[in-house]
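Biologist: Could you walk me through the annotated binding site in this one? I'd like to go residue by residue.

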Amino acid sequence: MNQYDVTVIGSGPGGYVAAIRCAQLGFKTALIEKYPTLGGTCLNVGCIPSKALLDSTEHYHNAHTTFKEHGIELKDLAVNMNQMMDRKGGVVKANVDGIAYLMKKNKIDVLAGVGSFVDKNHISIAPTGGGAAQQIETKNVIIATGSKPTVLPFIQQDKQRIITSTEALTIREVPKHFIVIGGGVIGLEMASIYARIGAKVSVVEYTDSLIPTMDLALGKELKRILGKIGIQFYLGHKVTGATRAGDVVTVTATTPKGEELKLEGDYCLVAVGRSPYTAGLNLEAAGVQMEERGRIKVDAHLQTNVPGIYAIGDVVRGAMLAHKAEEEGTFVAETIAGQKPHINYLLIPGVVYTWPEVAGVGYTEEQLKQEGKAYKVGSFPFKASGRARASMDTDGFVKVLADKTTDEILGVHMIGPRIADLIAEAVTAMEFRASAEDVARMSHAHPTYAEAMKEACLAATDNRAIHM
Ligand code: FAD
Ligand code: NAD
């Protein structure tokens with residue numbers, strides 16, 4: 001029987017990063033994956049394919065709407081869905097092949113099949129295509145089995161017309177009317193993809209705000225901007241059903257006034273969150289305890305109640321984000337090696353890849369109010385940015401929240417061009433506990449979108465923004 005120091009179950013961003021860090025630290029490491037390719041949700045049916053389609057459709061949208069003003073004239077502009085989907089497939093393949101290469105490079109044994117506990121130190125791997133299971137012995141286990149789309153019990157998802165995000169990434173036609181249940185991250189990224197290429201898109205959201213877990217100013221601005229590309233929003237609506245008859249889907253919801261809303265379309269995406277995935281692990285055999293909402297219970301070291309068994313990523317508490325899973329993968333590997341790693345969960349940024357992009361880190365204004373913390377706000381709109389005017393991306397703003405007394409930055413919330421990358425400056429500043437004035441006094445190259453961060457910090461410091 002093969003023996004390992006560490007066995008990782010699941011090859012998503014949590015699992016493969018944990019495996020690499022374990023190998024770097026000198027552990028004999030195995031990685032078990034039941035899907036034919038490595039990379040988990042993120043690389044196969046999540047972050048990477050969605051961003052590939054967001055990029056393609058943004059190009060089309062710009063060609064359609066702003067190229068003429070740039071002085072570029074195109075004739076016979078058309079969408080080729082097969083080519084768009086094939087390119088996306090190529091992007092996914094390059095990424096998942098990259099992970100396979102990294103496993104080889106780091107001498108990690110990749111074991112294909114469903115991993116399940118025999119006991120706390122033995123794992124059986126059943127090949128997904130059938131055949132005899134193999135068993136391995138291991139000193140430590142890292143569970144990184146991720147999540148799957150949450151289902152609404154009263155909606156039958158046939159995965160052809162009433163679909164999850166996985167199917168929404170493979171539609172090879174422009175939908176006539178794409179109905180989305182859930183105005184969160186997945187809902188709005190998918191709504192953007194299809195609205196940009198000409199589909200009528202409706203989003204039905206239960207709360208009275210889009211992306212309701214982020215600073216509320218962001219959802220408000222995003223609703224206004226996405227409304228301009230024709231997306232119809234039904235906020236504060238309680239979905240009561242979604243049914244399919246032939247190629248027609250009907251979604252019903254109760255409006256805030258208690259009336260019935262009925263929408264007919266050709267696709268309905270259900271995007272109401274994701275649920276931790278532990279099926280097939282046979283956790284009982286190892287005695288691993290769960291907590292509420294199907295998550296694996298872990299302590300501050302991400303160790304379960306069973307010594308030597310850890311869990312990371314979407315399957316444990318916290319934001320369901322690839323970079324959170326990655327940090328946890330590194331954290332656990334270093335913990336097993338006897339190091340004292342640290343994760344600052346407050347400073348894990350959240351990003352929505354609509355256009356303009358949305359990003360936030362630290363406390364939201366609503367959280368500061370709730371905690372009764374004295375704070376000040378500095379804001380800078382992209383319409384006052386020379387770089388944004390040059391690229392015709394003048395929607396959005398950067399909002400900085402700083403401690404009223406010490407000027408320490410407590411939260412940064414942005415909506416605007418390329419701010420998925422710009423949020424890294426806010427994370428760096430906050431990790432070093434910078435004041436708004438610290439950032440305001442740093443030179444930012446001109447003209448860049450990043451100048452909006454400096455200006456918002458100037459505004460927070462003493463209402464000293466220069467360009468507004
Ligand atoms: P996963 O990536 O879910 O990987 C778990 C792996 O474990 C899977 O490959 C699964 O097959 C395997 N597995 C499960 N059980 C077993 C078993 N018993 N034996 C063997 N293998 C098993 N996050 C971002 O940060 N940025 C984004 O832009 C982003 N976009 C997204 C877009 C979409 C459409 C979706 C659905 C998600 C997106 N996410 C994004 C979220 C991100 O994908 C997840 O947070 C991330 O993948 C979680 O990583 P993980 O390692 O915990 O699990
Ligand atoms: P989400 O939690 O972001 O949004 C779900 C939305 O659905 C919420 O706004 C919620 O109020 C609404 N909702 C819930 N029940 C509803 C109902 N019955 N009717 C109408 N609306 C309802 O979840 P998601 O968009 O499904 O994404 C799942 C996870 O994947 C998230 O945790 C997210 O972090 C991650 N993800 C991240 C990215 C990114 O980082 N760019 C992209 C996609 C997904």
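**Binding-site residues, one at a time**

Biologist: Let's start with His-323: which helix is it in?
Modeller: Keep in mind that this is a predicted model. His-323 is one of the positions under the UniProt "binding site" annotation, which comes from an unreviewed entry. Its place is in the helix spanning residues 322-336, and that is α10.

Biologist: Is His-323 buried, partly exposed or exposed?
Modeller: Leaving out residues up to four places away in sequence, His-323 touches Ile-348 and Pro-349. Its relative accessibility is 31%. Buried needs under 20% and exposed needs over 50%, so His-323 counts as partly exposed.

Biologist: Now Asp-314, how far away is the nearest side chain of opposite charge?
Modeller: Asp-314 lies in the loop between β17 (309-311) and α10, and it is buried. The nearest side chain of opposite charge is Arg-274. A salt bridge has to be within 4 Å, and Asp-314 has none, with Arg-274 at 4.4 Å.

Biologist: Which side chain does the side chain of Asp-314 make a polar contact with?
Modeller: Beyond four places in sequence, the contacts of Asp-314 include Gly-146, Met-320 and Leu-321. The polar contact is 2.8 Å, to the side chain of Ser-147.

Biologist: And Thr-145, which backbone oxygen does its side chain reach?
Modeller: Thr-145 sits in the loop between β6 (134-143) and β7 (147-149). Setting aside neighbours within four places in sequence, its contacts include Ile-9, Leu-281 and Val-315. At 2.7 Å, its side chain reaches the backbone oxygen of Tyr-277.

Terms used. Residues numbered from 1 in each chain as written. Chains lettered and ligands numbered in written order. Predicted model: local features only at pLDDT ≥ 70, side-chain atom pairs only at ≥ 80, totals over all residues. Heavy atoms only, no water. UniProt positions renumbered as here; feature names shortened; annotations may be inferred. Helix = DSSP H or I, 4+ residues; strand = E, 2+ residues; numbered from the N terminus. Contact = heavy atoms within 4.5 Å. Polar contact = N/O pair within 3.5 Å; in protein donor to acceptor, adjacent residues only side chain to side chain. Buried < 20%, exposed > 50% of the residue type's maximum accessible area, 1.4 Å probe, protein only. Lys, Arg positive; Asp, Glu negative; His and termini not counted.
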